[in-house]
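I want to look at how the chains meet, then at what sits inside.

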Amino acid sequence: MSESSSEIRDIELTVNVAKRRGKAEPRLLLVDFLRHELGLTGTHVGCEHGVCGACTVMFNGHSARACLLFAAQANGADIVTVEGLANPDGSLNVLQEAFREHHGLQCGFCTPGMLITLTEHLRDNPDTTEEEMRVALSGNLCRCTGYEAIVEAGLDAARQLRDAGKERA
Amino acid sequence: MGMKFFGASVKRKEDPALLLGKGRFVDDLAMPGMLHAAFVRSQHAHAMIKSVDAAEARKLPGVVAVLTQADLPEPMRDRTLPLYVPHPAIKQIHMPAPLAKDEVRFVGEPIAIVVASSRYIAEDAANMVVVDYEPLPASVDARDAILPGAALAHKGAPSNIATQTPIKIGDTDAAFAKAAHVFREQFHLHRGGPFFIECRGLIASWNAATEQLDVIASSQGSHRFKRTFVDLLDLDDNQVRVVTNDVGGGFGPKGSFYVEYAAVAAASMATRLPVKWIEDRAENFVSTQQERDQHWDVEIAVDENAKLLGLRGKLVHDAGAYMTWGLVLPWIAATSVIGPYVLPAFQLELIVAFTNKITCTPVRGAGRPQGCFVMERMMDRVARELRIDRAEVRRRNFIKPEQMPYKVGLIFRDGRPVTYDSGDYPKAQALAIEQSGYEGFSARKAAALARGKYIGVGLSNAVEGTGLGPYEGATVRISTSGKVVVFTGATPQGQGHKTTLAQVAADHLGVDFADVSVVTADTGTIPFGMGTFASRTAVNAGSSVHLAAIEVAEKAKKIASELLEASPDDLEIKDGGVEVRGVPGMRKTFRELAYNAVGLYGFSMKGDRDPGLEATSYFKPEQSTYANSTHVAEVEVDIETGEVKVTSVLVNHDCGRVINPLIVHGQVVGGVAHGVGNAIFERLMFSAEGQPVTTTFADYLLPGATDMPRVTVTHTETPSPLNPIGVKGAGEGGTIAVIAAIASAIEDALSPFGARIAEMPVSPERVLELIAAGKARAPV
């Protein structure tokens, strides 16, 4: 609880391909570190007990709950947040555009977690099915959409990514 | 103008920022010097506060202030929150104070606010504040609360009864006397909540030099918040500005002003620094308002042909500790019982009870799901007893389209008689049946049963009062940039108002949708507003944008006619300007016209024009407009575990003209998900002492992606005659009737066990109890 400097840790990590540094006391949650120390407010806090998935980030290549990790655990880690998903020119990537096309978001608060979860799922399961996608999304709560449009967006993105892969091959 | 955008599935303006992580939710914003707040909350459902000792908390490094009730500024200190909706039938009212003075009435009620340099420290300090309580007996179950000698929710109150009043149509005694059949049921609609994923929050900044309070809140109505701050602090209109940016879901309870907001403003005034408070989920479960929680005991009277003669009974509504929205919930519930059916006689004794639980205020549906549940369950009862198909019983009782407008015979929550303006209920059900698997389901059911599977189908109908008044305004302005800006008090939380309102404006002004910006919920931009609740924004704000845009177009033509020396009749709005029809060169751009409309420094204003190429309209609906829906749900019940799986839902929805089909579809499907939660998952529970026992998402289950079936939505478009764009509200129709449809489907699936569903949600435990009881009655 003290702010004594001896307890403050220097944290160095990679976020969205950039090297970042910040300071964190041992109990500081990773999500609070990202949001308030690094100013990356795209990752959201929905429940702080690891159920809702709004805080999901990519942590060393795997989706993880940033509300269940301490910032100190991320020292040296490679993290991707929603801010790192866009195309290099800043435009919406295939998945993001599919969300827009299919109305996969309403209030948009759960969306960053949904996008990260699906980014991982599509990377690991390019031939995913609706059922697999719903299971993948079962750790992310959305109160607005009823999930259907999110699933449709995910399936559409999967299709587009497969097609793009074929073209390249 | 031709309609290019109205009616089109335009992609939303809101999306790119939200998808890129560039949303502006309250907790995404920071102010220089900003402090962070945490609350000390009551640990007891009911207690006297003997003392509050914050001495240790104040010493903690990083703590800037701890405020108790005695530390609040005048005049807020001795005030309570205002009653939003007074009603003559309220005989006892209790309203919350910004911080509890000497008595706490629910677990979670704020007692003190701590502000510190970080939220972490504020929470540490809040835990160090010592509150000495003298616990009092708590009123927990509304049915007990209304009995003589019950523990009182408010010490010294004459009773727990806020209201006891009859609601009546016709002569129920006569109706029951001539009935061929009378059936009685008791229903309990359990408590649920909004459970938006973004919890509540605000930043309050008191500027001591200018004596101004600036608030950024996660809300459903900036103007309501402003008025409440003005009331609590006796400030002038110019001293408070409330802005609502992105909101992570509202579903009703973000429309309320909460005591925490007053305390945060007080903390900013005390520290002269901006103060942010973001509710965490643990607080959310004990302080954000909740709903449903009603006990019904009703009898239905029908003739030998299953035609409704009357319905009578009692509704006990649990208000919780306070009643900020008056009788809105029980009143809507009571008047929603009738639904799409001809009900000649109705008598309901409405009793509203205070309990030591969180206050109940509207949550998606706002009483309508309960009223619908009761009538639809009774319809099923009649069908079962008289061995008539469930759809047929309803068919025999529908209000017919030729009876529109149909006077139900009750006064609605909007103060006007319940008068259904339009709708074709028989057609809605017929379409739903035709498009779903309702017909022929019995064969599927028998085949499934032969394989040991228990499946069921259910249906339900609802009529929904939407678009409630008094108004929502819009200023439509063509600025000197030549682009269009719309300002409105509507306060969206995901409904896409910035998109739909731009669609309405763009058509009238002949501009591209991309050239219309919509500014919502900033009290600095439009003087009056009501906010977004009761599926009212498309009707109210949509109509206002429509009317104001037409006026702006006329004004543009008038100015152009002067400049071009042409008759306004020869002019047309085209591509961001006004031109002489058929003469493309003879043209003034909106930019030129807007400049002209502002006037020239020192010169007289031309004509008799008010300055600015703008118009403001406050559309005032004469009454609610009534949307309707039919839901058909299918379920499969695992009789070993009691698990219910909703396997399909079809909704035939009629919300009048549809501005954006993509958005309306999303509203309906999302609403269905909320209803699935209400039907089989979501139940807030309290101990006998009033302690909340469902306080995490592990105890209180929201529907997840694997719990939701595909939802088929079909539309019947019956334009409303009550507003110029023919729309009705779409935000709640997905939720209201699906709960009853799922209950009906579960009952159907469990028909081999003779089970009756009289509550929601239906938990696996309850399913197993029903199966066991059925087996005991008639061993399978």
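I started with the contact between chains: 47 residues of chain B are in contact with 45 residues of chain A (contact means C-beta atoms, placed from the backbone, within 7 Å). This is a predicted model, where local features need pLDDT of at least 70, side-chain atom pairs count only at pLDDT 80 or more, and totals for chains, interfaces and linings use all residues. Residues are numbered from 1 along each chain as its sequence is written, and chains are lettered from A and ligands numbered from 1 in the order written.

Next I checked which helices (DSSP runs of H or I, at least four residues, numbered from the N terminus) take part. On the side of chain B that touches chain A, H1 (15–19), H3 (119–128) and H17 (661–681) of chain B each supply at least two residues. H17(B) gives the most, seven residues.

Leaving aside neighbours within four places in sequence, I found Val114(B) in contact with residues including Ala37(B), Val63(B) and Ala126(B).

Last, I followed Ile742(B) to H19(B), where it is among the buried residues. In H19(B), 12 of 12 residues are buried (20 or more other C-beta atoms, placed from the backbone, within 10 Å of a residue's own).

Note on methods
Contact = placed C-beta atoms within 7 Å.
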